[in-house]
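Below are a colleague's notes for someone who is opening this entry and would like a guided reading. Please keep the view at hand while going through the points.

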Amino acid sequence: MKLKACLEHVEVAACRGSKTHNIQSLCMDSRAVEQGALFFCIPGGRFDGHAFAKDAAQKGAVALIVEHFIEDVPEEVTQVQVRDVRASMSRIAANFYGNPAQRLRLIAVTGTNGKTSITYMIKAIAEAFGKRVGLLGTIANMIGNQVVPAQLTTPDPIALQKLLYDMVQARVDWVVMEASAHALALRKLQGIIFDVGIFSNLTEDHLDFFGDMETYFAAKRRLFDDGLCRHAVINLDDAYGARMAEGLPIPVTSYGKREGCDVRATEVSSDAQGVSYTATFPQGRQHIDVGIPGAFSVYNSLAAAAACMAMEVPLPVIRVGLHRMPGVHGRCEKLDTQGRDYSIILDYAHTPDGLENILSTVRGFAPARVVAIFGCGGDRDPIKRPIMGEMAGKYADFCIITSDNPRSEDPAAIIAAIEPGVRKTGTPYVVIENRRDAIAYAMDHAQAQDTIVLAGKGHETTQEIAGVKYPFDEKEVVAQLLKARA
């Protein structure tokens, strides 16, 4: 594709050089530049892509997208100056891949908790409606039933547009994706218009990046008032959701348990097998069964149902799709304990709200003690560490504080920050820094009918310690420990 075509609908401040170069690929990492590439000089917190422009040109880049002109690159390399390289990259990537989003029905889900589960629920409903579905999210990207490993909750714009292009080629009808606050703040989704955008909730997370809750909230709001979607589906039972719904320039469908919600749950019941309730829609009522326990499953399924209603899916199909919905890997997932007299539940909960949700849910059906194994991620918001300790102590009978992904931080320092929260509740606990040893301790000391909750890792298959990612799949760890104790 010619550079001029790549720049369609992009606000160009100035240009040095020809726009007739034939662009063979797009790249934002100078180490991966190939002959004929268009290289994006992205300013970042740690590195500035402008510093690698000369290297990119030497490796074969024929054009650069810059925020300021660079003097030491060859004259034959075109420099296109824009106000915001990140936002421009999203639109250029869309152009390069033929604007695939325009040939798809698209749903985006944002919020602190529930995004992954909601996307899988929508996928189940859409498939019950006869649609071929693409999914983009934390666990994996899917093109129909083909699984493509995911690196980020929301891919970078180049990878995202390539995935959407591949989905068009595979004759996908609907795409449902997680829209992280980081992706919205960094303009990864510019150039895409979603049919429906969903807001689930907002609780403390990612404050290491956003600084405060208001900035975090503002990033989420961009999905709804930045021209990115045509219809909003919002949880009115969430305080931030009620604020989100105010003054939006697009139609809003609300959901929740309170009176006045457009899609409302009543007559809710829950047990270890899942939840059931009566859902009231503007068109009528449906009895909903979801095979995932917990109050959060009511809200997640309401969000999925409201979005699919907005996409004109018949209510009986919504009911069938949610009933058929299989469990989501690493979300309140019961592991096989090979006949032992205790249970193990795997969950991705890594925020105070998420930990409270999973432990209070298990507390509701556990026949005996609830044992919580958890930690906090390194290089992330440190404020939530004692709060998570307090949530664990409040809902568990016994806590094992261990490592999550310490990344570049000292695991012992992270644990020390968690401990005051647990001590505040008076709940007994032990500290076992090595996560495998912590799981083994819980299994070896389990009492009859205990429920052990492995919180924080969920679907992840690695653990990052001192900047190195080591293989660590908790399902495999549990299976190995059971085999060793057989």
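Over the ring of which residue does the charged end of Arg 243 sit? It is the ring of Phe 217, with the charged end 4.4 Å from the ring centre; a charge is taken to sit over a ring if NZ of Lys or CZ of Arg is within 6 Å of the ring centre and within 35 degrees of the ring normal.

1. On the basis of these notes. This is a predicted model, in which local features need pLDDT of at least 70 and side-chain atom pairs count only at pLDDT 80 or more, while totals for chains, interfaces and linings use all residues. Residues are numbered from 1 along each chain as its sequence is written, and side-chain values use heavy atoms, with hydrogens and water left out.

2. On the nonpolar cores. A nonpolar core is here a set of buried Ala, Val, Leu, Ile, Met, Phe, Trp, Tyr and Cys residues joined through side-chain atoms within 4.5 Å, where buried means under 20% relative accessible area, exposed over 50% and partly exposed in between, with a 1.4 Å probe and protein chains only. The largest such core has 72 residues, and the members that touch the most others are Ile 122, Ile 198, Ile 318, Leu 355, Ile 358, Leu 359 and Phe 374. Helix H10, residues 295–310, gives the most to this core, namely 10 residues; helices (H or I, at least four residues) and strands (E, at least two) are DSSP runs numbered from the N terminus. A second, separate core holds 38 residues, among them Ala 101, Ala 219, Cys 229 and Ile 250.

3. Leaving aside residues up to four places away in sequence, Leu 355 touches Ala 349, Phe 374, Met 388, Met 391, Ala 392 and Ala 455, a contact being heavy atoms within 4.5 Å.

4. On the aromatic pairs. Rings of Phe, Tyr and Trp (its six-membered ring) pair if their centres lie within 6.5 Å, and planes under 30 degrees apart count as stacked, over 60 as edge-to-face and the rest as tilted; the count by this rule is 5 aromatic pairs. Phe 47 and Phe 52 make an edge-to-face pair, because their ring centres are 6.5 Å apart and their planes stand at 70°. Of these two, Phe 47 is exposed at 54% relative accessible area, whereas Phe 52 is partly exposed at 34%.

5. On a tilted pair. The rings of Tyr 97 and Tyr 165 are 5.9 Å apart, centre to centre, with 45° between the planes, and the pair is tilted. Tyr 97 lies in the loop between helix H3 (85–96) and strand S6 (105–110), and Tyr 165 in helix H5 (residues 157–169), so this pair ties together parts 68 residues apart in sequence. Tyr 97 is buried at 17% relative accessible area, while Tyr 165 is partly exposed at 31%. Together with Phe 96, Tyr 97 and Tyr 165 form one aromatic cluster.

6. On strand pairing. Strands pair if DSSP finds at least two bridges between them. Strand S13 (residues 252–256) runs parallel to strand S14 (residues 263–271), joined by 2 bridges, and Gly 256 has Arg 264 as its bridge partner in S14. S14 also pairs with strand S15 (residues 274–281), in the antiparallel sense and over 6 bridges; S14 and S15 form a hairpin with 2 residues between them, and Ser 270 stands opposite Val 275 in S15.

7. On the cysteines. With a disulfide defined as a pair of cysteine sulfur atoms within 2.5 Å, the structure holds 0 disulfides. For Cys 6, the nearest cysteine sulfur is that of Cys 15, 12 Å away, and Cys 6 counts as buried at 0% relative accessibility.
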